[in-house]
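Trainee: I would like to learn how to read a model feature by feature. Could we go through one together?
Mentor: Gladly; here it is.

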Amino acid sequence: MSATLPRAVHPAAWWGWALGLAVAVSTTTNPILLLLALAVAALVVAARRGSSPWARAFRLYLWLGLAIVVVRVVLHVLVGLKFGTIVVLELPEITLPAWAAGIQLGGTVYLEGLLAAALQGLRLAVMIACVGAANALANPKRLLRSLPAALHEIGSAVVVSVSVAPQLAESVQRVRRARQLRGDTSRGIRSVPAVALPVLEDTLERSLLLAAAMDSRGYGRTGDAPRGHRLATAGLTLGGLLASAVGIYGVLDATTPAVMGTPALLLGLGLSALGLWLGGRHVARSTYRPDPWRGAEWLTLGCGVVVAGVFVVLSRTVPDDLAMPLTPLAVPALPLAAVAGLLVAALPAVLTPEPPRPASRAPRRAAREEVEAGA
């Protein structure tokens, strides 16, 4: 019965789910799969986001993704390398010197090249939407409490920086509401100059207040550690990060040797964990009411791992199913395994507890009215 009660899912589980979905998206240019992944992210956000300010920031990431797609297409038209057979637009081409080989300024725009540019922009946009979903679902302040003790200093700076985007969304709403109360109903591009400066000022002020509050509570403070201990911690952590980077590249790139894939990734994770454990031994801190890690968290993290694993395996076995056929241009395939992986990624929308809602003021207002009526 307690599993159905409203509670907040551990923020690390949401980040693990979102990163798994982003890894899956990075392996494909199939527009059907990219749009399905975007729909999965939007569905989970709509079903499980709370009422906090950062929960309303997902829309900003969607607009950012749309801008990325538009910019990518415009850059292809202006300076991109044109290829294909179906002519869309004929532009004059400017001849460039030999040292600028590979850059085509202007020229005939073909449908195949235009679609390739749009899909590359769409892939990046969906990956940004996955990060935005994690930012909308996970409380950054609660995530700081869950970080290892060795990352306490970095976590303080990360929380301040991550909270800028949600606070920016809240500041935009507050400034617009204040302008409407003053009778200013201008909208669109004309309202940008009047809104931009107050929004930036309010966002920076709230971030600085958060940083000051965290500093007053001891966040980012470290204890004394021997020099050899610090060098060992730094060496293990740096080596683990490098090995993890090589391993991630090897897992995502099917042309690399097998030793650069999963073995390097496991080695990097092991070295990083050892470095974090060693670095956290000299950091004394306590956590008030730590967030629980239960079945819902394992389910959320497992869904992200499953969708990432399915797409990585498909990229090594049937890479053509994850790509948009451009030469010749054809309808993209719809691999059922990839669709099943995305459906698994959507399970947290229905199988995780609902977030707690703010208490309604209606009962207290009714009680106050009864007291006043009785008086």
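Trainee: In which helix is Ser315 found?
Mentor: Ser315 is found in helix 11. Helices here are DSSP runs of H or I with at least four residues, strands are runs of E with at least two, and both are numbered from the N terminus. Before we go on, note that this is a predicted model, where local features need pLDDT of at least 70 and side-chain atom pairs count only at pLDDT 80 or more, while totals for chains, interfaces and linings use all residues. Residues are numbered from 1 along each chain as its sequence is written, and side-chain values use heavy atoms, with hydrogens and water left out.

Trainee: Is Ser315 buried or exposed?
Mentor: Buried means under 20% relative accessible area, exposed means over 50%, and partly exposed is in between, with a 1.4 Å probe and protein chains only. Ser315 has 14% relative accessibility, so this residue counts as buried. The C-alpha atoms of Ser315 and Thr28 are separated by 7.9 Å, although the two are 287 residues apart along the chain.

Trainee: How many helices and strands does the chain have?
Mentor: The chain has 14 helices and four strands. Of its 375 residues, 37% count as buried. A contact means heavy atoms within 4.5 Å. Among the chain's contacts with a separation of 6 or more, 80% are between residues 24 or more positions apart.

Trainee: Where does UniProt place the feature "transmembrane region"?
Mentor: UniProt positions follow the numbering used here, feature names are shortened, and annotations may be inferred rather than shown by experiment. The unreviewed UniProt entry puts this feature at residues 14–46, 58–79, 231–252, 258–278, 298–318 and 330–351. In the model, the span 231–252 is 100% helix and 0% strand, with its end C-alpha atoms 32 Å apart. For residues 298–318, the figures are 95% helix and 0% strand, with 29 Å between the end C-alpha atoms.

Trainee: Which residues is Ser244 in contact with, leaving aside its neighbours within four places in sequence?
Mentor: They are Ala264, Leu265, Gly268, Leu269 and Ser272. Ser244 itself is found in helix 9, residues 227–252. With a relative accessible area of 9%, Ser244 is buried.

Trainee: How many salt bridges does the structure hold?
Mentor: A salt bridge is a side-chain nitrogen of Lys or Arg within 4 Å of a carboxyl oxygen of Asp or Glu. The structure holds one: the side chains of Glu297 and Arg7 meet at 2.9 Å, N to O. Glu297 lies in helix 11 (residues 295–317) and Arg7 in the segment before helix 1 (11–26), so the pair ties together parts 290 residues apart in sequence. Glu297 counts as buried at 0% relative accessibility, and Arg7 counts as buried at 14%.

Trainee: Which residues have the most contacts inside the largest nonpolar core?
Mentor: A nonpolar core is a set of buried Ala, Val, Leu, Ile, Met, Phe, Trp, Tyr and Cys residues joined through side-chain atoms within 4.5 Å. The largest has 43 residues, and those with the most contacts inside it are Trp17, Leu21, Val40, Phe311 and Leu342. Helix 4 (111–137) is one of the helices that each supply at least two residues of this core, and helix 4 gives the most, with 11 residues. A second, separate core has five residues, including Ala57, Ile68, Ile128 and Ala169.

Trainee: Which peptide bond is cis?
Mentor: In general, most peptide bonds are trans. Here the bond from Thr327 to Pro328 is cis, with omega near 0 degrees. Pro328 lies in the loop between helix 11 and helix 12 (336–345).
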